[in-house]
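Please open the model in your viewer and keep the sequence beside it. The tour below goes from one selection to the next and says what is found at each stop.

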Amino acid sequence: MTLRAQSSELRAARTTLQAMADDTAVADTYKSDYMRIDGGDTGALFQHIDNVNRDVVARLDDVLTRLKRVLHESGVELALVANWYDDTDDAARQRSDQQIPLVADVPSDGGIDDLPAVPDTAPSDPGDYEPPDDQPSPPLGDEDGTIMAPGPLGIPGQPPTGGTGVMA
């Protein structure tokens, strides 16, 4: 199993967590708008309901406050972890590069001289090529582009007579 952390994914999760922390404001607004009890009388039943409601609202305030803090701090930590992975990867790369021995004869400008020891004399356009005078002439039958495989001799352009020769 190979663990590979993607710092971009950690940063995306951080953004998501911090957006969720901001969403706690929506829950807080909902609580303020719909968890109030108004217009009751001062009777014993109202007092009991009002006390329970205030207790629920106080607990909900505490939960929303802790939730917002946890989500925000988790997002901050994810950003720090992403930076740590980036720095660790850079440090690992640098340690790996330091293990490669330097070559003493590499030019200081980092260039490599790869010119051949013998100059290239091939013509740039093969159509311009003229064979030297001392080169033997091509075998007979090659002037018209017909290539004959080994086999019985025949006339170019006609099937061979007898044997198993092949003409291409």
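A residue counts as buried when its relative accessible area is under 20%, as exposed when it is over 50%, and as partly exposed in between, with a 1.4 Å probe and protein chains only. What you see is a predicted model, in which local features need pLDDT of at least 70 and side-chain atom pairs count only at pLDDT 80 or more, while totals for chains, interfaces and linings use all residues. Residues are numbered from 1 along each chain as its sequence is written, and side-chain values use heavy atoms, with hydrogens and water left out.

**The whole chain**

Begin with the protein chain in a cartoon view, where the secondary structure comes to 2 helices and 0 strands; helices (H or I, at least four residues) and strands (E, at least two) are DSSP runs, numbered from the N terminus. Of the 168 residues of the protein chain, 11% count as buried. If contact is taken to mean heavy atoms within 4.5 Å, then among contacts between residues at least 6 apart in sequence, 52% join residues at least 24 apart.

**The two helices**

Next select residues 7–34, which are helix 1, together with residues 44–98, which are helix 2; the two pack at an angle of about 165°, with their axes 8 Å apart. The axes are lines fitted to C-alpha atoms, for helices over the stretch in contact, and the angles run from 0 to 180 degrees between N-to-C directions. Helix 1 and helix 2 are therefore roughly antiparallel to each other, a term for angles over 145 degrees, whereas those under 35 count as roughly parallel, 65 to 115 as roughly perpendicular and the rest as oblique. By class, the contact of helix 1 with helix 2 has 17 nonpolar, 7 polar and 7 charged residues; here Ala, Val, Leu, Ile, Met, Phe, Trp, Tyr, Cys and Pro count as nonpolar, Asp, Glu, Lys and Arg as charged, and the others, Gly among them, as polar.

**Stops along the helices**

Select Q18 in helix 1, which at 16% relative accessibility counts as buried. Not counting residues up to four places away in sequence, Q18 touches H72, G75 and V76.

Move on to K68, found in helix 2 and partly exposed at 43% relative accessibility. When neighbours within four places in sequence are left aside, K68 is in contact with A21 and T24.

Is N53 buried or exposed? With a relative accessible area of 14%, N53 is buried, and, leaving aside its neighbours within four places in sequence, N53 is in contact with M35, R36 and I37.

**Aromatic rings**

Rings of Phe, Tyr and Trp (its six-membered ring) pair if their centres lie within 6.5 Å, and planes under 30 degrees apart count as stacked, over 60 as edge-to-face and the rest as tilted. By this rule the count comes to 2 aromatic pairs. Select Y30 and Y34, whose ring centres are 4.8 Å apart with the planes at 45°, so the pair is tilted. Both lie in helix 1, 4 residues apart, about one turn of the helix, and both Y30 and Y34 are exposed. Then select W84 and Y85, an edge-to-face pair with 5.1 Å centre to centre and 70° between the planes.
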